[in-house]
Amino acid sequence: MLFFSLLLSFGLANEIPPITDGEAIHIAVVETVSSKVGAERFTKGRPSTPTSASDSITASYTHTKMSAGQLRMRLRDEFRKGSVSLKTVKTAFTDQLVDKIIPHWYGTPWSWGGHTTVPKQGKIACGYFVSTTLRDMGLNLNRYKLAQKSPIDEAKMISCGAPIDKVKQDTPEEAHEEIDRLTKEGLYFIGFDEGHVGYLLKREGELFLIHSNYLSPVSVCMETLKESRVFKKFDTFYLVPISHNETLLQRWLNDEQVL
């Protein structure tokens, strides 16, 4: 029982960080590069052949973050002119985060206190995985403050006032059915009671959990929600839309503070 209680606490890294994170970094760039995708069925591009593992990972991820900054500024200008719709912004934001930013992190080891900023270099806890990828996507937030909140408080911050759906069911099958009913195609934040956080992706009608997994493989991964061992250990969940959160996306466009 003690071991199980410890596992539930492992999802959140609540230690005081050794450095101050400061504000989100937003940089423009003149090119877009592809990134490594963790699940082949969703691959949209592949990086060039690395010459030095560490340097290549750092350089590739830096370019991907810069591409996100360029995308944000381009969409901001076009949205203000009325040449693109908010629906286009939603799709572009989701695709950049899910298919470009997040895939760099697949395979990065999990640890309770992990807070690396570079994929596959160091370790990362579940809360830091979410806050770091959102920040690197260009959201103006402090990743330490967000990562150290409880799942429900993290949900409140990311929601920007949007409704938070609470799902509480006796069995994983019932919980999965309810989550499926409440969601549509796109990306969500999902909080697991008091013990874990991650992304919930609904794509082509199927639900996936993207998270820094404290169970096997003990690293950042994407797995079907139905088959996730972490999902099966909880009965209470908090869902917040990301793809369909207009306030959050407008704050992203205008570089307005989220946290």
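Predicted model: local features only at pLDDT ≥ 70, side-chain atom pairs only at ≥ 80, totals over all residues.
1. Six strands make up an open sheet, and their order across it is β1-β6-β2-β3-β4-β5. The pairing is antiparallel. At the edges lie β1 (165-168) and β5 (220-224), each of which pairs on one side only. Neighbouring strands of the sheet are turned against each other by 25° on average, direction ignored.

2. Strand β3 and its partner β2. Strand β2 (residues 186-192) and strand β3 (residues 196-203) run antiparallel and are joined by 7 bridges.

3. Strand β3 and its partner β4. On this side, 5 bridges join β3 to β4, again with the strands running antiparallel. Leu201 has Phe208 as its bridge partner in β4. The hairpin of β3 and β4 has 2 residues between the strands, and Glu204 in the turn has a positive phi of about 55°. Strand β3 is mostly covered, as 8 of its 8 residues are buried.

4. Lysine 202. Is Lys202 buried or exposed? Lys202 lies in strand β3, and it counts as buried because its relative accessible area is 9%, where the cut-off for buried is under 20%. Lys202 touches Asp180, Thr183, Lys184, Glu185, Gly186 and Leu207, leaving aside residues up to four places away in sequence. With Asp180, the side chain of Lys202 forms a polar contact of 2.8 Å. Gly186 is 16 residues from Lys202 along the chain, and the C-alpha atoms of the two are separated by 5.3 Å.

5. In soluble globular proteins, nonpolar side chains tend to be buried together. The largest nonpolar core here has 50 residues; those touching the most other members are Leu97, Phe129, Leu134, Ile158, Tyr199 and Trp252. Helix α3 supplies the largest share of this core, 7 residues. A second, separate core has 18 residues, including Trp110, Ala175, Leu215 and Leu225.

6. Helix α9. Which residues of helix α9 (residues 246-253) are buried? They are Leu248, Leu249, Trp252 and Leu253. These residues cover an arc of only 140° around the axis, so they lie on the same side of α9. An α-helix has 3.6 residues a turn, so residues three or four places apart point the same way. Among the elements covering the buried residues of α9 are α2 (53-81), α3, α4 and α6 (151-159). The contacts of Trp252 include Leu71, Val89, Phe93 and Met137.

7. The ends of α9. At the start of α9, a side-chain oxygen of Asn245 reaches to within 3.3 Å of the backbone nitrogen of Thr247. After α9 comes Asp255, which has a positive phi near 55°.

Terms used: Residues numbered from 1 in each chain as written. Heavy atoms only, no water. Pairing = 2+ DSSP bridges. Helix = DSSP H or I, 4+ residues; strand = E, 2+ residues; numbered from the N terminus. Axes fitted to C-alpha atoms, helices over the stretch in contact; angles between N-to-C directions. Core = buried A, V, L, I, M, F, W, Y, C linked by side-chain atoms within 4.5 Å. Buried < 20%, exposed > 50% of the residue type's maximum accessible area, 1.4 Å probe, protein only. Contact = heavy atoms within 4.5 Å. Polar contact = N/O pair within 3.5 Å; in protein donor to acceptor, adjacent residues only side chain to side chain. Arc of directions from axis to C-beta.
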